[in-house]
Structures are given as C-alpha cells and as structure tokens.
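Trainee: I am new to this one. Can we go through the labels and see what backs each of them?

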Amino acid sequence: MNLENKELKELFELANKIGNKRYHKLTHQDFENYRKFDYWRYINGDYECGTTPESKDWVRKNSDSYCPICEDNYSEKGGKTIDHKLPRSQYPWLSMEFKNLWVICQVCNQEKGEMHWYEYEHYIFVHHANLYLAVKAVRPSQLLQSLND
Ligand SMILES: [Zn+2]
C-alpha cells in the first residue's frame with residue numbers, strides 16, 4: 001500500500017488500527033524496550049531530556065537550534081525534549097525505534113501530549129494552520145508503512 005497519496009483521515013485511522021491491533025500482543029521484549037528508553041533518556045529519574053551520554057549525543061546529532069514545529073529557539077521554550085511521533089502510551093513497542101523519535105521543544109511536546117502523529121497533524125491544522133506544512137513535512141510515513149506491512 002502506498003501511503004504517500006493517502007488523505008490525513010485515512011492515515012489517522014490506519015495509525016489507530018495498527019496501534020490497537022498490536023497493543024493486545026505486546027511481548028516481553030516490548031516491555032524491555034519501554035523500560036530501556038527510560039534508562040536511555042534518564043539517569044536517576046531526572047526529568048531533563050537526554051541525560052545519559054548516549055541520549056545527549058543522540059539529541060545533539062538530531063536537533064539544531066530551533067524547534068522544528070514552532071521554529072523558536074529551544075532555550076526560549078523550556079529546552080529540548082525527545083518526543084515519540086507515535087506515543088509510547090499507544091505504541092509501546094516503538095519506545096526504542098529511532099525512526100519514531102525526534103527532538104522538539106518542551107512547550108510543543110506538552111501540547112502534543114499523548115496524541116498520535118496524525119491526531120496531532122489534525123490538531124495543528126485546526127489550531128495552528130500556519131504551522132501545518134512544517135509538521136506535515138516530517139510525517140513518519142516510512143515508519144507507518146513498515147508497521148502496516
Ligand atoms: Zn516548539
């Protein structure tokens with residue numbers, strides 16, 4: 001199935017379907033990856049993002065000075081956070097899938113919350129139409145495609 005030509009609504013439904021289907025058969029490894037992400041990101045429960053040497057390094061390599069959503073400087077928006085495009089609450093098996101991770105500012109991350117990517121795209125379209133194209137451009141299409149295969 002080619003996802004490039006799909007409407008947002010269809011992608012939205014597909015992401016939901018994949019999330020719901022897979023959630024009922026999580027493996028031991030899925031839970032391990034879920035915990036592994038916490039360890040990778042934090043040391044001793046520190047909520048600051050990217051606190052292990054590996055995660056700090058990953059954040060440095062995968063971000064520049066400006067948040068890709070609001071385009072503000074991270075330092076003005078509470079700093080950098082690692083976000084799961086498809087959130088861990090609905091897609092726990094993607095906790096350590098690097099194709100699913102990106103760096104956004106604290107404020108945008110809080111606003112995104114537990115929305116999955118396509119819910120979020122829709123939310124941006126409705127509430128911040130001026131940001132929509134920037135958000136749409138970083139759609140996790142290949143990831144969704146691989147989950148759907
Ligand atoms: Zn932002």
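Trainee: Where does N33 sit, and why is it called buried?
Mentor: N33 lies in helix α2. The model is predicted, and its relative accessible area for N33 is 15%. Buried means under 20%. The value 15% falls under that cut-off, so N33 counts as buried.

Trainee: What does N33 touch, leaving out residues up to four places away in sequence?
Mentor: S95 and M96. Contact means heavy atoms within 4.5 Å, and N33 meets that with S95 and M96.

Trainee: Which residues of α3 are buried, and why are they said to line one face?
Mentor: The buried ones are S55, W58 and V59. Looking down the axis of α3, they fall within an arc of 100°, so they line one face of the helix. An α-helix has 3.6 residues a turn, so residues three or four places apart point the same way.

Trainee: What is on the face of α3 turned away from the buried side?
Mentor: P53, R60 and K61, which are exposed. Exposed means over 50% relative accessible area.

Trainee: Which elements do the buried residues of α3 pack against?
Mentor: They pack against α2, β1 and β2.

Trainee: What makes β2 largely enclosed?
Mentor: Count its buried residues. Five of the five are buried, so β2 is largely enclosed by the rest of the structure. L101, V103 and C105 point one way, and W102 and I104 point the other way. Both sets are buried.

Trainee: How do you know that β1 and β2 pair?
Mentor: Pairing needs at least two bridges. Five bridges join β1, residues 80-84, to β2. Five meets the requirement of at least two, so the strands pair. They run antiparallel. One of the bridges links K80 with C105 of β2.

Trainee: How many residues are in the largest nonpolar core, and which have the most contacts inside it?
Mentor: It has 37 residues, and C67, I69 and L144 have the most contacts inside it. Elements giving two or more residues include α1, α2, α3 and β2. Beyond its neighbours within four places in sequence, I69 contacts W102, I104, C108, Y120, L131 and V135.

Trainee: How do α1 and α5 meet?
Mentor: Their axes come within 8 Å and cross at roughly 145°. From α1, the contact uses L8, L11, F12 and A15. From α5, it uses Y118, E119, E121 and H122. By class, that is five nonpolar, one polar and two charged residues.

Conventions. Residues numbered from 1 in each chain as written. Predicted model: local features only at pLDDT ≥ 70, side-chain atom pairs only at ≥ 80, totals over all residues. Heavy atoms only, no water. Axes fitted to C-alpha atoms, helices over the stretch in contact; angles between N-to-C directions. Helix = DSSP H or I, 4+ residues; strand = E, 2+ residues; numbered from the N terminus. Nonpolar A, V, L, I, M, F, W, Y, C, P; charged D, E, K, R; others polar. Core = buried A, V, L, I, M, F, W, Y, C linked by side-chain atoms within 4.5 Å. Buried < 20%, exposed > 50% of the residue type's maximum accessible area, 1.4 Å probe, protein only. Arc of directions from axis to C-beta.
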